[in-house]
Amino acid sequence: MTGLSVKNISKAYRVELPREDALSVLMRFFSGRSPSRPFSALDGISFELKPGTALALCGRNGSGKTTLLKILAGITEPSGGSCSYPGKTACLLGFASILQDRLSVKENARLCAVFFGLPGAPAENAERVMAAAGLAHLRNARAGELSAGMKLRLPFMAALASGAGLFLIDETLAVGDAGFRELCLSRLKELQRAGAILVFATHDHALARGFADLALVLENGRQAYLGPAAGLPSPGAAEPPGAAFRRGLERYSLLYGKLKAAGFRLGEALPASDEQLLLVHTPGWLARLKAADLTPAEEEALALPYSKQIFPLAWRMAGGTLTAARAALASGLGVFAPGGGHHAFPDRGEGFCPVNDIAIAAKVLLKEGLVGSPAVIDLDAHQGNGTAFIFSGGEAKTFSAHRAGGYPPQRVRSAMDLDLPDGADDAVYLAAVKKGLKDFLELAKPDFVFALCTADAWEQDPLGGLRVSAAGLKERDAFLFALLAQKKIPACLLLGGAYGEPVGAAQINFNTIEAAAAAFPSFDKIVSV
């Protein structure tokens, strides 16, 4: 029997860029094409599987697991590389779409048998599928009357009986209750012993270690691990989930010490109210945050451990940004170092951000009539997808300058996005950011700016993916705040993410505050905490 061969598979898409200038609008009108940038969904994936081998695909949502399965199934063509398997393939990707709720269980079983090409008479195959699924006694019931788990037994069992030599399974190895799950796993093991190859995507690392022979971990479309499933690293094994976040927190005490020594004062901010957070977030999300009642998947998306201690701080973070914004209206500049939850959406959090404090403060100022056309200038190394989503209607203009190939994998278009190449150094970074800032301010004409000036573009930051020196970041910030002061635009400075060595990150943050204070001599030198 011949195995599965995957050689240097890559898959790239084109992602549409914003059309914020007259030239790009005209290009779109006359050519029918929009400006776009490449997005790499898979890059350089290679492996060989012998008959009788099970491979577990692991990785976060958006890491490329489903894209790889679709390429193996022939649903999607790769941009580069090749894959080959000469035998019959059973593809269990989105197989719920096979089922028709208005048809009976028997009719759906027959449909599944035909779909997966079971040898023999369709009527007899339908009987075998129903029996294997434990649904023969419900043959005349409408499929729509069954639970989701019971319905999905039909295509799953039809696939297992198809005689295929390669099984591609997305997200789950079995459906239904624990007993049926064990039955499916047992049947798959039998097929594997008979020479079948199994490739399945899962978030369950215990299942991957116990069931698969090999494991492939994908991270942003690249191979992060390929080896024995028994040696599969736990999620974040090299660095426990939230370790980077905790390291970022360590810099604050160092930063505050530097500020006090330089003559700055620290002013404690009050937490935001529920009413203020509800201007952005859904009641359900806030209730679950208060109760620390998040699902494992939600906590994984946040990458924040110890939720009972961290999530209540969301109200304080929103309050600190709002306090700094009010200070900016009074003296030209306000500062709140921990602010910048730009990945949070109305109904969920992502990437260390339980709530979007920037959007909350902007909505409060708009509601109170204190600003008319606010803008967000986001210089974090990671695209501000949550902020872009919240203000997609144009209530506030958003600018994001970030690493093109970095987090988050799923992006929301800002009013203006600046995609920086991976590993961009001072020369590339500063030229692009300075031009982007000038163009954005000229187009947006804001009367207030939330400036997220993080230190994660620093060359020593493990999560940023850029190569900007501390001196380069200091030049970036001096340019930005001089430009805002020249245009007489009040600024709320937020320092957000920094995951490198705390002493160096604290110094970069201190440099940023000094640059802002120098540009706004009316600043009262009170930093909110």
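**Helix packing, cores and cysteines**

Modeller: Helix 6 (residues 153-160) packs against helix 7 (residues 178-193) at an angle of about 15 degrees, and their axes lie 11 Å apart. This is a predicted model, in which local features need pLDDT of at least 70, side-chain atom pairs count only at pLDDT 80 or more, and totals for chains, interfaces and linings use all residues. Residues are numbered from 1 along each chain as its sequence is written, and side-chain values use heavy atoms, with hydrogens and water left out.

Biologist: How are the helices and their axes defined?

Modeller: Helices are DSSP runs (H or I, at least four residues) and strands likewise (E, at least two), numbered from the N terminus. Axes are lines fitted to C-alpha atoms, for helices over the stretch in contact, and angles run from 0 to 180 degrees between N-to-C directions.

Biologist: Which residues of helix 6 and helix 7 meet?

Modeller: Arg153, Phe156, Met157 and Leu160 of helix 6 meet Phe180, Cys184, Arg187, Leu188 and Leu191 of helix 7. Contact here means heavy atoms within 4.5 Å.

Biologist: And helix 3, at what angle does it cross helix 6?

Modeller: Helix 3 and helix 6 cross at roughly 35 degrees, and their axes come within 9 Å. On the helix 3 side, Val105, Asn108, Ala109, Cys112 and Ala113 meet Leu154, Pro155 and Ala158 of helix 6.

Biologist: How many residues of helix 6 are buried?

Modeller: Eight of the eight are buried, so helix 6 is largely enclosed by the rest of the structure. Buried means under 20% relative accessible area, exposed over 50%, and partly exposed in between (1.4 Å probe, protein chains only). The cover includes strand 5 (89-92), helix 4 (122-133) and strand 6 (166-169).

Biologist: Changing topic, how many residues are in the largest nonpolar core?

Modeller: That core has 53 residues, and Leu379, Tyr429 and Phe481 have the most contacts inside it. A nonpolar core is a set of buried Ala, Val, Leu, Ile, Met, Phe, Trp, Tyr and Cys residues joined through side-chain atoms within 4.5 Å. Apart from it lies another core of 47 residues, among them Leu135 and Leu198.

Biologist: What does Phe481 contact, leaving aside neighbours within four places in sequence?

Modeller: Its contacts include Leu333, Cys453, Leu493 and Phe520.

Biologist: How many disulfides are there in the whole structure?

Modeller: The search finds zero disulfides, a disulfide being a pair of cysteine sulfur atoms within 2.5 Å. For Cys353, the nearest cysteine sulfur is that of Cys492, 15 Å away.
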